[in-house]
Structures are given as structure tokens and as C-alpha cells.
Amino acid sequence: MNLIVAVDNNWAIGNKGDLLARVRADLKYFASKTTGNVVILGSKTLATFPGGRPLKNRTNIIMSTRDITVDGAQVVHSVDELMETVKQYPSESVYVIGGASIYNQLLPYCERAYITKFDSSFEYDTAIPNLDESDEWKCVEEGPWQVCDPETDSVLDMRFMFTTYERVK
Ligand SMILES: NC(=O)c1ccc[n+]([C@@H]2O[C@H](COP(=O)([O-])OP(=O)(O)OC[C@H]3O[C@@H](n4cnc5c(N)ncnc54)[C@H](OP(=O)(O)O)[C@@H]3O)[C@@H](O)[C@H]2O)c1
């Protein structure tokens with residue numbers, strides 16, 4: 001199973017229910033990795049999507065403790081039920097896409113993490129563990145740094161880069 005997330009220098013991922021920044025190249029990277037695959041997300045992250053609808057061209061699995069139905073998605077109610085459900089898919093086609101509570105619970109099950117690094121320190125209320133400080137993870141691919149596009153991105157003067165981590169333990 002994979003995890004895909006954008007973090008800043010504090011490994012922060014969100015503030016007040018929203019992303020830290022919208023960078024078009026990162027959204028395109030996210031789409032290129034996840035399209036045609038399976039995405040796992042929490043009900044709060046689903047609520048941030050346009051119209052609260054699941055992502056197109058992907059198999060969406062929503063985690064919620066509530067008895068809800070979501071058009072175009074499957075809802076699971078626990079980590080155990082999730083693991084039973086994802087068994088049918090090749091693990092390399094499954095992506096954990098957030099938010100914080102889902103990343104934190106599912107990190108131990110992930111083998112690979114696609115981390116976009118924003119070279120900035122945002123105000124934040126949600127973060128994930130710093131994989132650079134973990135002996136369970138190793139960065140196997142990083143960079144180059146890229147610059148944001150003021151025409152399309154929500155931040156100016158920020159570098160970002162795509163990195164890949166693999167579980168070593
Ligand atoms: N930087 C990034 O790449 C990125 C990506 C995604 C999200 N985010 C950010 O992350 C933040 C949202 O994170 P969050 O932690 O508040 O919300 P979340 O993880 O998206 O959703 C939390 C909800 O998931 C359900 N849930 C969690 N664990 C469960 C379990 N074991 N079994 C069943 N259901 C479970 C519960 O839904 P019910 O309440 O319905 O029971 C819970 O309220 C936002 O700021 C968002 O912008 C950042």
C-alpha cells in the first residue's frame with residue numbers, strides 16, 4: 001500500500017480543515033499517481049472535495065464510523081474492514097490520500113510513501129510523523145526543487161519537490 005501527501009518543513013499537512021497550499025504541479029502529480037487506482041480517504045477529507053464527491057476515475061474507499069452512503073464510493077467502518085476490502089486489489093495500486101487521522105492510522109501498513117515537500121513553514125493544526133526521523137523509512141528518490149507558478153498556485157516564492165520513501169523495517 002502507498003501513501004501520498006504534501007508536507008511542509010514541519011511535516012504539517014493541513015490547517016483549519018484545508019490544505020496548506022494548492023500547487024498545480026502537485027495536484028497533477030497526485031492525479032498521475034492515483035488515476036485508475038484505489039484511493040483511501042477519511043470522511044473529513046471527502047467533505048473538502050468539490051460537492052463532497054469522490055474522485056473521478058478512481059476506486060474510492062471512504063472511512064467513516066457513521067452509517068453513511070456515498071454515491072460512487074464504498075464506505076468502510078474500521079481499519080479491519082478496510083484491510084479485508086483492499087485485499088482484492090494489488091497493494092501497489094492502493095493509495096492512502098488522507099487526512100491526518102487516516103495517514104496516522106495507516107502508515108504502519110504502507111510500504112511506499114510519495115511525499116511532496118513544500119519548502120516553507122505554514123501555520124498548521126495537523127501533521128504526520130517525520131519520516132526522516134524514522135529508522136523504518138528511507139528516502140529513495142528526491143528532487144529536483146521546482147518553483148511555484150504565480151499564475152496557478154496559491155503561494156509565491158516557494159520551492160517544492162517530489163520525493164519517494166520506502167519502508168526498510
Ligand atoms: N497535505 C495533504 O496532502 C493532505 C491530504 C489530505 C488531507 N489533508 C488535510 O488533512 C486534514 C483532515 O484530516 P482529519 O484527520 O481531520 O480528517 P480525515 O482523516 O480526512 O477524516 C477523519 C474521519 O475519518 C473517519 N475515520 C477515521 N478513522 C477511522 C476508523 N478507524 N474507522 C472508521 N472511520 C474512521 C471518521 O469519520 P466519521 O466522523 O464520519 O466517523 C473521522 O472523523 C485537512 O486539513 C486536510 O486538508 C492534507
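Helices (H or I, at least four residues) and strands (E, at least two) are DSSP runs, numbered from the N terminus. Gly99, for instance, falls in the loop between E7 and H4. This is a predicted model: local features need pLDDT of at least 70, side-chain atom pairs count only at pLDDT 80 or more, and totals for chains, interfaces and linings use all residues. Residues are numbered from 1 along each chain as its sequence is written.

The peptide bond from Gly98 to Gly99 is cis, with omega near 0°. Most residues other than glycine have a negative phi, and most peptide bonds are trans. Gly98 and Gly99 also belong to the shell around the ligand, where the closest residues are Gly14, Gly42, Lys44, Gly98 and Gly99. The shell holds 28 residues; a residue is near a molecule or strand if its C-beta atom, placed from the backbone, lies within 6 Å of it.

What is the shell made of: how many nonpolar, polar and charged residues? It divides into 10 nonpolar, 15 polar and 3 charged. Here Ala, Val, Leu, Ile, Met, Phe, Trp, Tyr, Cys and Pro count as nonpolar, Asp, Glu, Lys and Arg as charged, and the others, Gly among them, as polar. Several elements supply at least two shell residues each: strands E1 (2-7), E2 (12-15), E3 (18-19) and E4 (38-42), and helices H2 (43-48) and H4 (100-106).

Lys44 lies in helix H2. Leaving out residues up to four places away in sequence, Lys44 touches Gly17 and Gly99; contact requires C-beta atoms, placed from the backbone, within 7 Å. Is Lys44 buried, exposed or partly exposed? Lys44 counts as partly exposed because it has 16 C-beta neighbours inside 10 Å. The scale is simple: a residue is buried if 20 or more other C-beta atoms lie within 10 Å of its own, exposed if 12 or fewer, and partly exposed in between, with C-beta atoms placed from the backbone. Val168 is 124 residues from Lys44 along the chain, and their C-alpha atoms are separated by 31 Å.

Now turn to the interior. In soluble globular proteins, nonpolar side chains tend to be buried together. A nonpolar core is a set of buried Ala, Val, Leu, Ile, Met, Phe, Trp, Tyr and Cys residues joined through C-beta atoms within 7 Å. The largest one here has 36 residues, and Leu3, Val5, Val7, Ile40, Val96 and Tyr103 touch the most other members. Two or more residues come from each of E1, E2, E4, E5 (59-63), E7 (94-96), H4, E8 (112-118) and E12 (159-167). E1 gives the most, with 5 residues.

Follow the chain from E4 to E5. E4, H2 and E5 make a right-handed β-α-β unit. A crossover is right-handed if, with the strands pointing away from the viewer, the path from the first strand over the helix to the second runs clockwise. E4 and E5 run parallel and are joined by 5 bridges; two strands pair if DSSP finds at least two bridges between them. Val38 stands opposite Thr59 in E5. E5 is mostly covered, with 4 of its 5 residues buried. E5 also pairs with E6 (residues 73-76), in the parallel sense, over 4 bridges. There, Ile61 stands opposite Gln74.

Three strands form an open sheet in the order E3-E2-E9. E3 and E9 (126-127) stand at the edges, each with a single partner strand, so one side of each is left without a neighbour in the sheet. E2 and E9 pair over 2 bridges. Gly14 has Thr126 in E9 as its bridge partner.

Finally, the loops. Lys16, between E2 and E3, has a positive phi of about 50° although it is not a glycine. Lys16 is exposed, with 8 C-beta neighbours inside 10 Å. Asn57, in the loop between H2 and E5, likewise has a positive phi, near 60°. Asn57 counts as exposed because it has 9 C-beta neighbours inside 10 Å. A cis peptide bond joins Gly143 and Pro144, with omega about 0°. Pro144 sits in the loop between E10 (137-142) and E11 (146-147).

How values were computed:
Contact = placed C-beta atoms within 7 Å.
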